Amino acid sequence: MLGPRIASAAVLIPLVLLLLWLGPQTTALATAIASIIGVYEFYTMAHQAPQHYRPFGWPGYLAAPAFSLAGYLRSPLLIVLILAGLLVLTFAGTQLRSSENPVHKTMDWTLSFFAPVYAGLPLGLLTFIRADRPNEQAFWWIILICVGTWGADTGGYFFGRWFGKHKLAPTISPKKTIEGAVGGVLVAMLGVGLVGGLALNIPIYWTLPLGIALAIVSIIGDLFESWVKRRFDTKDSGKLIPGHGGLLDRIDSFLAVTLLVYLFMAVYI
């Protein structure tokens, strides 16, 4: 499994960084496409689950890329309006299904609303970061997000393979270990410290705790998606990326880390 993972990373990482570097327009386009794919994967898992959920899909497919547009326009108000419209439309669409009982309707509504928020909102905030700051500074903030995510993932993977003995969450993700999590935190803390300190001039008393927080959030994001897949009784969110599964399997931690970095920037800057 390691071979396909490395091959996929060797192709995807430079491509992602190039799209982010080119400018807010390409970032918005890339995140909009990614959000639609993420929503599709989530809805597909819900449809194929043993419970046979029936999300009301079209508002989600519109809202997810709309978050990227709102980010490009740097409009928090538009984000709020998208959330409100999505809430109303998904509720109306699921409630009009006369054949469903109230419990099924509630779950279908929850999944209909949650999928685009989960897959689209963080990517919209990533676009917001890219459009809101000067070119080089914005790029380094996004690199910090990537380092926090990939550091936790890579550190966790190798430390888990070398030293892992104690399971972190055996009922959710049996391969994750406490030792791997500690390694991921250390690698992410070091990477975020270097990027934040050298490229963004963030004091060390901010970067080190931030690195720890990003690693923890990255692990939680990964565990959350694993929990969702177990609830849907599926192994992968899709088959888009060799060695990783679907897009959500690859960006689950990235979505969570982006949210935290956006909140940090709102307070710090």
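Leaving aside its neighbours within four places in sequence, which residues is Phe42 in contact with?

Reply: The model is a predicted one. In it, once the neighbours within four places in sequence are set aside, Phe42 is in contact with Leu111, Phe114, Ala115, Tyr118, Val228, Phe232 and Leu248.

Phe42 belongs to the largest nonpolar core, which has 42 residues. Phe42 is one of the members that touch the most other members, along with Trp141, Leu144, Phe232, Leu248 and Val261. Two or more residues of this core come from each of helix H2 (24–48), helix H5 (102–132), helix H6 (135–163), helix H7 (178–199), helix H8 (204–232) and helix H9 (247–268). The most come from H9, which gives nine residues. Another core lies apart from this one; it has nine residues, including Ile82, Leu86, Val117 and Leu125.

Now the packing of two helices. Such a pair is described by the angle between the axes and the distance between them. For H2 and H8, the angle is about 35° and the axes are 8 Å apart. On the H2 side the contact is made by Phe42, Met45 and Ala46, and on the H8 side by Val228, Lys229 and Phe232. Sorted by class, this contact of H2 with H8 has five nonpolar residues, one charged residue and no polar ones.

Next come the charged pairs. The structure holds six salt bridges. One of them joins the side chains of Asp132 and Arg74, at 3.8 Å from N to O. This pair links distant parts of the chain, 58 residues apart: Asp132 is in helix H5, and Arg74 is in the loop between helix H3 (58–72) and helix H4 (76–95). Asp132 counts as partly exposed because its relative accessibility is 33%, and Arg74 counts as partly exposed because its value is 45%.

Asp153 and Arg250 also form a salt bridge, with their closest N and O atoms 3.3 Å apart. Here too the pair links distant parts of the chain, with Asp153 in helix H6 and Arg250 in helix H9, 97 residues apart. Asp153 has 25% relative accessibility, so it counts as partly exposed. Arg250 has 22%, so it counts as partly exposed.

A further salt bridge is formed by Lys235 and Asp236, whose closest N and O atoms are 3.9 Å apart. Lys235 counts as exposed because its relative accessibility is 64%, whereas Asp236, at 29%, counts as partly exposed.

Note on methods
Residues numbered from 1 in each chain as written. Predicted model: local features only at pLDDT ≥ 70, side-chain atom pairs only at ≥ 80, totals over all residues. Heavy atoms only, no water. Core = buried A, V, L, I, M, F, W, Y, C linked by side-chain atoms within 4.5 Å. Buried < 20%, exposed > 50% of the residue type's maximum accessible area, 1.4 Å probe, protein only. Helix = DSSP H or I, 4+ residues; strand = E, 2+ residues; numbered from the N terminus. Contact = heavy atoms within 4.5 Å. Axes fitted to C-alpha atoms, helices over the stretch in contact; angles between N-to-C directions. Nonpolar A, V, L, I, M, F, W, Y, C, P; charged D, E, K, R; others polar. Salt bridge = Lys/Arg side-chain N within 4 Å of Asp/Glu carboxyl O.
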